[in-house]
Amino acid sequence: MDFKKILEEMLENVEGSIGSSLVGMDGIVIDQVSRNNSFDINAVGAEYSSIIKNAMRASANFGLGNTAEILITTDKATMIMMLVGKSYFVALALNLDGNLGRGRLELKKAIPKFEKELS
Amino acid sequence: MAEAYRKEGSLDDAFRVCRKGLEKNPDYSNAHLVLGRIYQGQNKLDDAISEFKKVLEIDPENLMAHSLLGSLFMQKFDYKAAIDEYQAIFTLNPDDEETQKLLKVAIEKAANAPQTGSSNESKESSAEKKTDSGSMASATMAELYLKQGHLDKAVETYEELLKKDPNNAATRKKIVELKEKIAVDSFGSAPNKVESHHAPNLKTEKAKQAHLNKEKDSKFSDDDILQVMAMNRNDKVAKPSEKQDLIESPKTDMKTEVKEPEKKKSLSESQPVLPPHQFSQARIDVLKGVLAELASITGIRRCFLTSLEGISVVSVGENSNNDSLEKQILSIFKETSHSADKLHQGSLQQVLVTAETGHILLVSFAGGILVVLADHQINLGMLRLAMDGAAKKVEKVN
């Protein structure tokens with residue numbers, strides 16, 4: 001499995017990225033890469049999995065269809081999460097000065113790679 | 001041995017052994033328990049009660065004695081005493097579902113018991129009474145859960161109550177308040193917590209006071225039960241037509257809580273919904289203007305500002321008036337905020353959910369949460385810029 005390689009590639013290509021992870025919808029992290037020891041990307045993935053489920057429900061209830069992406073901005077970081085199929089999501093954490101647009105782009109590019117590995 | 005005789009049906013032998021044992025050891029609680037059961041078997045209810053009470057004098061946490069006393073009091077139609085016993089078990093073991101049911105039945109029976117009610121009450125049909133007492137029992141149970149600090153169970157009970165009576169604004173309000181309290185408790189303090197959104201409300205204040213006192217006395221007193229029942233009697237049937245009379249709060253307060261059926265509104269129809277009192281009318285007017293400006297951006301379907309308690313303050317654009325959606329949105333924001341806090345990521349600024357045909361943007365804004373629903377084609381960069389501009393305008397007003 002090349003999950004780590006795909007995750008590392010994303011980090012390399014996105015300025016200001018802190019870490020990335022591939023997480024099951026049950027919150028269990030499949031693989032992760034982190035550049036910052038103080039930032040527990042494992043915990044992030046697990047913590048936000050239930051939020052993704054809630055967001056999916058809200059999207060459906062608002063008639064917006066299936067959820068594709070969730071972006072969370074806090075005082076300290078930005079987290080982008082994109083769905084990989086129905087059972088997984090990939091998360092990318094960025095510093096506040098990180099390149100958000102590039103981050104979204106790299107995540108979108110990585111999704112088919114993950115899907116291929118997971119199929 | 002006495003218990004063995006009793007189980008065999010040899011009550012006289014059982015009685016003799018018990019008496020003999022108690023002569024030697026009057027504080028032997030099991031002997032009193034068996035003796036009580038013998039009396040119960042002989043239908044000597046008062047003697048049985050007396051023995052079970054002796055058990056509790058020796059061993060106040062004897063669940064069997066409480067349970068047997070509860071059932072005896074129910075037999076004697078002394079529902080208040082039965083409630084005391086069941087709630088004692090409930091205090092010792094809050095997860096005892098059987099006792100929860102028995103307690104609820106006792107409260108219902110107590111509520112249905114003849115009393116010197118008002119003339120209005122006497123006019124109620126028996127069916128209505130049954131429904132109301134059932135609801136009151138549930139509400140009382142919820143309040144009792146609250147008093148013991150079981151907020152999650154209280155929420156569950158209130159939600160069941162709301163299913164039966166979806167228009168009960170008071171119940172809905174309590175659920176929102178409790179969920180807020182649970183969220184606050186679970187992560188220390190809520191983000192951008194607003195002070196209070198409700199106009200003074202005597203009943204709410206009473207309930208809060210009861211809740212605050214729970215640490216002092218985790219066991220319900222007779223007065224507690226009666227107070228809660230009385231409280232629920234007052235607001236149990238908060239039917240829309242009666243709400244204005246029942247609740248001593250500004251009329252606008254109720255107006256916003258009673259949602260109309262789903263309907264669409266034009267962009268120009270800003271909804272003057274229930275202002276939590278920290279949102280003054282002047283502030284709401286400014287917010288309306290700011291939101292209307294936001295809504296004029298191509299691709300934005302709807303903007304609404306909700307207080308941290310889940311109450312709509314201002315809404316502009318397509319309006320579904322769907323209460324549960326607003327609560328869902330609120331819970332996403334709170335849960336995310338909780339997670340961010342747990343992960344030491346600082347306070348939550350915004351959550352953007354992108355779906356197949358649109359976006360939901362949640363932003364901490366003006367002491368509440370601004371929710372923007374937008375089409376998929378919207379330029380997110382422009383939207384963020386517009387949001388920043390809106391936030392600045394609101395800050396100026398503050």
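How many residues does the contact take from chain A and how many from chain B? The contact takes 27 residues from chain A and 27 residues from chain B, two residues being in contact if their C-beta atoms, placed from the backbone, lie within 7 Å.

This is a predicted model, in which local features need pLDDT of at least 70 and side-chain atom pairs count only at pLDDT 80 or more, while totals for chains, interfaces and linings use all residues. Residues are numbered from 1 along each chain as its sequence is written, and chains are lettered from A and ligands numbered from 1 in the order in which they are written.

On the side of chain A that touches chain B, the elements that give two or more residues are helix H2 (41-61) and strand E3 (67-74) of chain A. Helices (H or I, at least four residues) and strands (E, at least two) are DSSP runs, numbered from the N terminus. H2(A) supplies the largest share of this side, 12 residues. By class, this side of chain A has 13 nonpolar, 9 polar and 5 charged residues; Ala, Val, Leu, Ile, Met, Phe, Trp, Tyr, Cys and Pro count as nonpolar, Asp, Glu, Lys and Arg as charged, and the others, Gly among them, as polar.

E3(A) and strand E3 (residues 348-355) of chain B run antiparallel and are joined by 7 bridges. Within E3(B), B:Val353 is the bridge partner of A:Ile70.

## The sheet

An open sheet is formed by 10 strands in the order E2(A)-E1(A)-E5(A)-E4(A)-E3(A)-E3(B)-E4(B)-E5(B)-E1(B)-E2(B), with antiparallel pairing. Two strands pair if DSSP finds at least two bridges between them. Strand E2 (29-34) of chain A and strand E2 (312-317) of chain B stand at the edges, each with a single partner strand, so one side of each has no neighbour in the sheet. On average, neighbouring strands of this sheet are turned by 10 degrees against each other, direction ignored. Axes are lines fitted to C-alpha atoms, for helices over the stretch in contact, and angles run from 0 to 180 degrees between N-to-C directions.

In chain A, strand E4 (residues 77-84) and strand E5 (residues 88-95) pair in the antiparallel sense over 8 bridges. A:Met81 stands opposite A:Ala91 in E5(A).

Two helices of chain A lie across strands of that chain. Helix H1 (residues 3-13) lies across strand E1 (17-24), E2 and E5 of chain A, and runs at about 35 degrees to E2(A). Helix H3 (residues 100-118) lies across E1, E4 and E5 of chain A, and runs at about 30 degrees to E4(A).

## Helix packing

Two packed helices are described by the angle between their axes and the distance between the axes.

| Helix pair | Angle | Axes |
|---|---|---|
| H1(A) and H3(A) | about 170 degrees | 10 Å apart |
| H3(B) (residues 29-41) and H4(B) | about 165 degrees | 8 Å apart |
| H4(B) and H5(B) (residues 63-75) | roughly 150 degrees | come within 9 Å |

The angle makes H1(A) roughly antiparallel to H3(A). Angles under 35 degrees count as roughly parallel, over 145 as roughly antiparallel, 65 to 115 as roughly perpendicular and the rest as oblique. The contact of H1(A) with H3(A) includes A:Phe3 and A:Ile6 of H1(A) and A:Leu107 and A:Phe114 of H3(A). Its classes are 6 nonpolar, 1 polar and 4 charged residues.

H3(B) is roughly antiparallel to H4(B), and the crossing of these helices is left-handed. A crossing is left-handed if the near helix is turned anticlockwise from the far one by less than a right angle, and right-handed if clockwise. Among the residues making this contact are B:Leu33 and B:Tyr39 of H3(B) and B:Phe52 and B:Ile58 of H4(B). The contact of H3(B) with H4(B) divides into 8 nonpolar, 4 polar and 3 charged residues.

H4(B) and H5(B) are likewise roughly antiparallel to each other, and H4(B) passes H5(B) in a left-handed crossing. Residues of this contact include B:Ile49 and B:Phe52 of H4(B) and B:Leu68 and B:Leu72 of H5(B). By class, the contact of H4(B) with H5(B) has 10 nonpolar, 1 polar and no charged residues.

## Confidence

The predictor gives the complex an ipTM of 0.93 and a pTM of 0.48. Chain B has a mean pLDDT of 69, and 62% of its residues reach 70 or more; pLDDT is the predictor's confidence in each residue, from 0 to 100. Within chain B, confidence is lowest in helix H15 (residues 251-257), at a mean of 32, and highest in helix H4 (residues 45-58), at 91.

The pLDDT is below 50 over residues 115-129 of chain B, a stretch with 3 contacts in the model beyond near neighbours in sequence. It is also below 50 over residues 186-208 of chain B, where the stretch has 45 such contacts. Where pLDDT is low, the predicted coordinates should not be read in detail.
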